[in-house]
Amino acid sequence: MTNTVEDTMTTIATAEPVLQVEGLTTSFRVGGTWRKVVRDMSFSVAPRETVAIVGESGSGKSVTSLSIMRLLPKYSSRIEGSVRLGGRDLLALSDEEMRKVRGNDISMIFQEPMTSLNPIFPIGKQISEAILCHRDVSKAEAKREVLQLLDKVRIPNAMNRFDEFPHQFSGGMRQRVMIAMALASRPKLLIADEPTTALDVTIQGQILDLIKELQDEEGMAVLFITHDMGVVAEVSDRTIVMFRGDAVETGTTDDIFHRGNHPYTRALLSAVPRLGSMNGRENPASFPIIDIASGALTRAEEEGPDPAPHDQPVLSVQNLVTRFDIRSGLFSRRTGAVHAVENVSFSVKPGETLSLVGESGCGKSTTGRSITRLVEPTSGTIEVDGYNVRQLDPATLRKMRRTIQMVFQDPFASLDPRMTAGRAVMEPFIEHKLGSTARARDKAADLFERVGLSAEMMDRYPHEFSGGQRQRIAIARSLMLDPKVIIADEAVSALDVSIKAQVCNLLLDLQKDFNLAYLFISHDMAVVERVSHRVAVMYLGEIVEIGPRQAVFENPQHPYTKKLMSAVPVPDPARRSLRRDLMTDEILSPVRPAGYVPPQRQYREVSEGHLVQVE
Amino acid sequence: MFTYTLRRLLFAIPTLLFISFIIFALLDLAPSDPLGDLPLTIPPEVREQIRSAMGLDQPFFIRYLLWLQQFFINEPLNVLQDMTGIAIGDPHRLRVLSWATRSPVVDLIVQRMPQTLWVVGLSYLFGVLLAIPIGVVSAYKQYSIFDQIGTFVSMIGYSVPTFFTGVLLIVIFSAKLNWFPSVYDTNLVVHDWSSFVAQVRQMFLPVLVLTLYNTSQISRFVRASMLDNLHMDYVRTARAKGVKEKTVLLVHVLRNSLIPVVTVIALGVPTIFSGAIITEQIFRVNGLGQLLIVAIQGADLPLVQTLTFIFAFLIVLFNLIADVLYGILDPRIRYD
Amino acid sequence: DRGTDGDLKIIFWQAASTMNPYLSGGTKEVYASSMVIEPLARYDETGELVPMLAAEIPTVENGGVAEDLKSMTWKLKDGLKWSDGTPVTAKDAVFTWKYCTAPDGGCAQGAYYEGVSNVEAVDDSTIKISFTEPKPYPYSAFVGAQSPLIQEKQFADCMGIKAPECTEANFHPVGTGPFVVKEFKPNDVVTFTANENYRDPAKPAFASVTLKGGGDAASAARSVLETGEFDYAWNMQVEPEVLQQMMQSGKGHLVTAFGTQVERIDLNHFAVDPAQGDKRSTKAAGPHPFLTDPAVAKALSLAIDREILVEAGYGEAGKPTCDIVPAPDAYASHANDDWCLKQDIDGANKLLDDDGWKMGGDGVREKDGVKLSVLFQTSTNSVRQGSQALIKDWWNQIGVQTELRNISANVFFGGDPSSPDTFQKFMADVQMYTNNFDGTDPEKYLAGWMCNKIPTPENGWQGENEPRYCNPKYDELVKTLSKTANLEERAKIAKQLNDMLTTEFAQLPLIHRGQLSAVNNTLEGVKMNAWDSELWNVADWSRKK
Amino acid sequence: MTDAAITAIAPRRRSMIGAMWQQFAKHPGGVAGLVVFVFIVAAVYLGPLIHTVDANKINIRDKNQGPTFAHPFGTDNLGHDMLAQVMAGGQISLAVGMVAMLIALFLGTLVGVTAGYYRRLDGPLMRLTDLFLALPLLPLLLVIIMLFRDTLRSAFGPSTGIFILIVTVIGVTSWMHTARIVRGDVLAVKSQEFIMAAKSSGMRQYRVVLKHILPNVLSSIMVSATLGIASAIITESSLSFLGLGFPSDFPTWGRLLFDGANFLQITPSRVLWPGLAISLTVLSVNYMGDAIRDALDPRSLKH
Ligand SMILES: Nc1ncnc2c1ncn2[C@@H]1O[C@H](COP(=O)(O)OP(=O)(O)OP(=O)(O)O)[C@@H](O)[C@H]1O
Ligand SMILES: Nc1ncnc2c1ncn2[C@@H]1O[C@H](COP(=O)(O)OP(=O)(O)OP(=O)(O)O)[C@@H](O)[C@H]1O
Ligand SMILES: [Mg+2]
Ligand SMILES: [Mg+2]
Ligand code: NI
């Protein structure tokens, strides 16, 4: 495509807007009073246009999108203002008319893919339902279309995975299922709420391309909610900045990026981590923090801690293998296995951060879960703080788990829906009898504040939080026990840059103070670059490259690592029209037939501690 | 799943043997006496003779083994023989004989089957068919008039015992209005329209009483379970897809809510075969329930043992079916 | 004429389980089978013996009974046919005797053939019965609905241990009665059709009979009295006012007949203190601390208003009585009627005061540390529980504390030696139930109060002397009775025995119970009979035109 | 700023019970249920202080009366005062219903949760449940009563002894439904991610069960509880008319209803009141159960 930014702008200006939101105000009933969480939002989206909503976590982005779709719980929420779709006021439609609009004219990608997928239906069925309920096509046709879509969203082995269930998918894959579902009906307007947070940059790029392609072909308008300024720069024509329920700034992306004048906008942009900003430095560094009200720098960048070089590792993993059997047929014979983790070895010392990066679905979460035996590993040895994890009896396993805490990738699913956030955070503390309930409460309140929530929120239930807020609750929970190791699975992916910076700094501070070790699983290469001492790159269940961060980032050796580095989006609106043409790659799948013997891998040492798999 | 089912089926055999032994021991221990309802004018010596003719004077274990042999070997052979017409071995093998009627227990059960299925089975079917929509709607429109009335009626239906509702209905509809007969005619054979009408008429009251009871029970579980799932995020997703509200409820929410419902239903199906004792008694349906209660009251051990064993078999079977269904309903539940 | 009146619908709330009375012995089976198989002679509604299959009743006078009372000869009517058309012969009677006395057969009517040493067919129509010793009252074998004739041809292979296996024969016996079984559904419904070969060509008037079973007495009553769906319902143990109310529909009425049934309270003569453990209610436990005191026993009796018991629970089907043998009239003593039939609470209180039983602070009388506190058990049955409540109330008024217990009938009357709750074990102070005797002769019945008939662990708790009454003089008198042939003499002795039992308070007779049945107003010819099957003359029943 | 709004509702810090109570109080149905239930309990226990007629007082001359001033609920066929009987019966029925239901609920939940959560115990426990489901109730009762009645009678006296016996018998023979239902729910809940999260923080198994599994299967338990009360009251009555329950001079609601059924046309008040009492009790418990369920489900709609 050769359209320049200016060309697109002119076409948009003349077209009738697809969506026009005027004075949208949404309130929730909390404890008998109505609390406004979105105030007086007005914006419009034209065909082919992409409007991004960025903003602080919990500022009302998701609520705005749910208000447009009229999907908020009827009894505990209230929507005012007007939402017009091609001239029709959505808020005035009957339920049945609204139903016809949903999924047909507007479709939506939800933020938390785990809870948003129906756990008991195969994903194929869930996607084809979106087609079948609006279009008069046969089941077989729908299935064909779904398979195509799955291919397009880069789900490997789509044919076989059609009948699998959400819990068998990795976080990123679930998100891609959601995307496929939303795109299935070729809507006029796509609302995408953090559609790529759980995706690695290569796949993220491919998905973004896919969306652009559909925009070009079908004239689809997109309302894009994200924290990733790089993505914003790359896809959006116009940008709305939200802050605590208000749209504080609206304008073309270019304007916002270069001429934003609200202090929050400036704070947001200056905090955006840029890949390469750490070049030449060996240790992690904290983010600079800018005060939102004044725009002044309140905390300068600080050098992160050195891992104590002589210490024994607190976590060491040797030849870890985890496979999920695939059974089929009448006798449910084992016909193959997902080789989710294959022969993985690494170790983490106290005070050290090892980042695990890699393609979505390559086995990162499974590695994390295998370490704490939440998923039973197939073979290998795991040692945590002197415990031989795979040999532990239940009681010791429990004790061991105190020293190693997890932040789950899907924070909503990992919170008990019937337990208030405060209790959820206090619980491990009370459980291990580390102090009185009052102490637990104080500590939890303190942690709430430190992850950027207010202590008052402790009495709320998980569904009353935004995605990012829930993620912070999960982080607070993992810190409650003062563990020695934290496995942070996409712990900051749903946070806006300012909070992300704050939380990362918190993690670094804790590391400095308590010699914490982190296994940091993330897709956000910029954050990885900042926080880690060492980096391991996974591909199809195996570690293909591992080494000191500096070595891996500045001197990537493995082709996949190289591809990853190059795919990172750069927060510069000038690069909007860039297309990567990554779609041509073959998608590889970790599913192997029964009896498959994985090849013996050789590693080559590039520099000290920098190992690369030899193909 | 298949291996699991197979394993469970194999494991069911010792389970059932064990259960049958416990039941036998229990029945033997019970103070009830098969001669309890004989006139007091029959002298003790004669009673002693009757007792020994029944084999009651043999040791407990021998009697149990004898029952096992009769039930598991002789009866199946007889059935086979009846079906194929080929004589296998001695055609005069000893069958399980009821003490009270001195006739083969299996014949009695076969005789009682039709009315039990007609009345109890049908009302269970109606119960399930009614309960699901009622439960779904009550949950969907929680605290609406429909829900309130449904709750009220089902609680009354459940809490007022059938021995009362039955009599009430008979007084109103049989005695006062003369619309329906109060006595069920088990000899009625449906062969034409008028006999069909007669059958429907005589079934109406007992089926009504039982359906009310079954519906009440099941619909409460459907409602509660639906309420648990109605507010889940995936429901929101389904709506966002533009799925029809009916589909959202009946496919997405209901399927997710089915586990307790399947449990209740699976627990209920075997009870069809144990009959509805009181209702059968009131309307004189004389199905399996009445057979069982008369047998228990008459301490007719072979009959009670056989009936309860069949019942136990059904329980084990339907609980197995429920377990398999769990796995099908919720793929996260796996047994292997 | 035969078969002109359509279907006769009878409801028995306890259903028949077999059609062979020799294998069951239950009243419902005996009644049901009495429509099909018949004895040589039966009792009519007045308790008179009338011939049935026999040409006449043998007596010493007509030479049918031998002078030495050791044998008797029956003559069959001419031309009798089984329902399958074959002739009835004396051999069938011989076979019937053999059938019931065969070892391992478990014949429930064995008592009817007791003392019979031989039955032979003198010729095709003459049956000779010989006894082991002289029988002053010989009418037992082949008399009454309990010992009918069965067909040799049909039951020949069903002797002894094989008896229960002949299901077809047991369910569809070939008989001489007015009806034949068409279909038998055990414990549910029996359908009959008129017997083509019945000896009276004009009978039965009904072409078929449906005998439905199951349910409870009240609903059975309702189906005759209120809805009119049925013609006849047996054994209406329902509160009288309920029946009255049902009768207001005008569809039916009640019929009663009084036999020998007496509802009574047994007073335990042995101690039953739980502390005695296994010795309870046996001789080893010693005499009962107060029930053996005639004053207490008499007071207990005086406190009871038998009229009210009848009114509350029995209505037409009960009369107050103070005799344990209330019928036949010739045997009824009425010796105690003057003091016992009327309630006298004050008199009872005075009696106890005089006997030294002092009223305690809690309203319970006491003497020498013994409290007048009784455990009162009976079988479960709403009428009995009503009576219990009334009696408890009255006894309360004379300072006797009563704890009530009711026990499921099949436990209470079933003789399971391991159960503590049987009426034979009698692990309570007093108990209430009904007993009677078959036929009209009370000799065997009265023998039940002999010392050796006391149930004990040694005899497996089998024995008819539940009150544990023991008086050698009584035993003597019973022996005298068994040797007396003269009917008047027998009646005198029987009355004496009855009076001993009632004045020495083996038990308190309460109610002379009748049989009560409901009859549809369109049904004619019902003659209620308490001495034989209620359906004894079903051949004569007809539909009112 | 929203912060102001947030702080306005800040003082929400209260105990769990307090929080639950607040939620409960918001539910008109639950409150109505509670009021009715308290009323029934009060009427049954305090009523005899006002209406001082002895429930077992027989006045045969006053039998089968309709409501009069002396006998507001009429009399039965022996002349018992029905109001006194209903109150006395209520004391027993309520106690039996509640205690038996609690026993059954406790056993059922225990077995169900254990079986659902610990895979190893699942097989044995469920087979045990099958066994109990298959046991014929009547002979079982006969045996239990034969074995234990006299011991309990001498230890606790006739009425308490029988009470303990009956309550245990009903409880012990009616937990199986709850067990199976709870187990099914537990199987579904335990595969969710928040259970994994709880485990990963090193929670003891039983605490996971108590804190996370139980609240999430509560709605089925609540329904079982409501239905359990009704069936316990009715089972008690069937026990008494089989002669296995309380002695006949201890009235209970179920028994009054049973005895009165035949008198439906003569003295309708005999069946009306006990029937109403049972239904109201069950209804009120049902509404309370609903309210508790709602109070524990943060997402349910509350008005
Ligand atoms: N059901 C609810 N009840 C009460 N408050 C709610 C509810 N849902 C969301 N909120 C509150 O509304 C505010 C806006 O939430 P929203 O989900 O729109 O945030 P967001 O901008 O999407 O944040 P994030 O980027 O973290 O997802 C938050 O403060 C949240 O706590
Ligand atoms: N319970 C399971 N059953 C079967 N397959 C599973 C299961 N859990 C994960 N998998 C498969 O294992 C592979 C690795 O999954 P994992 O969740 O570890 O990926 P990931 O690296 O965390 O990806 P993402 O970045 O998308 O979260 C995927 O192909 C996934 O489908
Ligand atoms: Mg959000
Ligand atoms: Mg993952
Ligand atoms: Ni409400």
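**Entry 1: ligand 2, polar contacts.** I began at the backbone of Lys364(A), where a polar atom sits 2.7 Å from an oxygen atom of ligand 2. A note to myself before going on: this is a predicted model. Next I looked at Gly361(A), and here too a polar backbone atom is 2.7 Å from an oxygen atom of ligand 2. With Thr366(A) I turned to a side chain: one of its polar atoms lies 2.4 Å from an oxygen atom of the ligand.

**Entry 2: how covered is it?** I looked up the area of ligand 2, which exposes 630 Å² when taken alone, and the protein buries 92% of that. Then I asked which elements give two or more residues to the shell, and I found α8 (171-184), β14 (333-348) and α13 (364-371) of chain A.

**Entry 3: the shell.** I listed 22 residues around ligand 2, with Gln168(A), Gly172(A), Ser360(A), Ser365(A) and Thr366(A) as the closest. By type, I have 8 nonpolar, 12 polar and 2 charged residues in this shell. I also checked the domains: domain 2 (113-186) and domain 3 (315-403 + 483-613) of chain A each supply at least three residues.

**Entry 4: the magnesium ion.** Which protein atoms are the donors of ligand 4? I found OG of Ser365(A) and OE1 of Gln409(A), at 1.9 to 2.1 Å from the ion. Ser365(A) belongs to helix α13 and Gln409(A) to the loop between β18 (404-407) and α15 (421-431) of chain A, so the pair ties together parts 44 residues apart in sequence.

**Entry 5: buried or exposed?** I looked up Ser365(A) and it counts as buried, at 18% relative accessibility. Gln409(A) is buried too, with a relative accessible area of 17%.

Definitions and conventions. Residues are numbered from 1 along each chain as its sequence is written. Chains are lettered from A and ligands numbered from 1 in the order in which they are written. This is a predicted model: local features need pLDDT of at least 70, side-chain atom pairs count only at pLDDT 80 or more; totals for chains, interfaces and linings use all residues. Side-chain values use heavy atoms; hydrogens and water are left out. A residue is near a molecule or strand if one of its heavy atoms lies within 4 Å of it. A polar contact is a pair of N or O atoms within 3.5 Å; within protein, one must be able to donate a hydrogen and the other to accept it, and residues adjacent in sequence count only if both atoms are side-chain atoms. Accessible areas come from the Shrake-Rupley method with a 1.4 Å probe; for residues, only the protein chains shown count as cover. Helices (H or I, at least four residues) and strands (E, at least two) are DSSP runs, numbered from the N terminus. Ala, Val, Leu, Ile, Met, Phe, Trp, Tyr, Cys and Pro count as nonpolar, Asp, Glu, Lys and Arg as charged, and the others, Gly among them, as polar. Domain bounds come from an automatic or database domain assignment. Donors are N, O and S atoms within 2.8 Å of the metal (3.2 Å for Na, K and Ca); water is not among the atoms, so sites may look incomplete. Buried means under 20% relative accessible area, exposed over 50%, partly exposed in between (1.4 Å probe, protein chains only).
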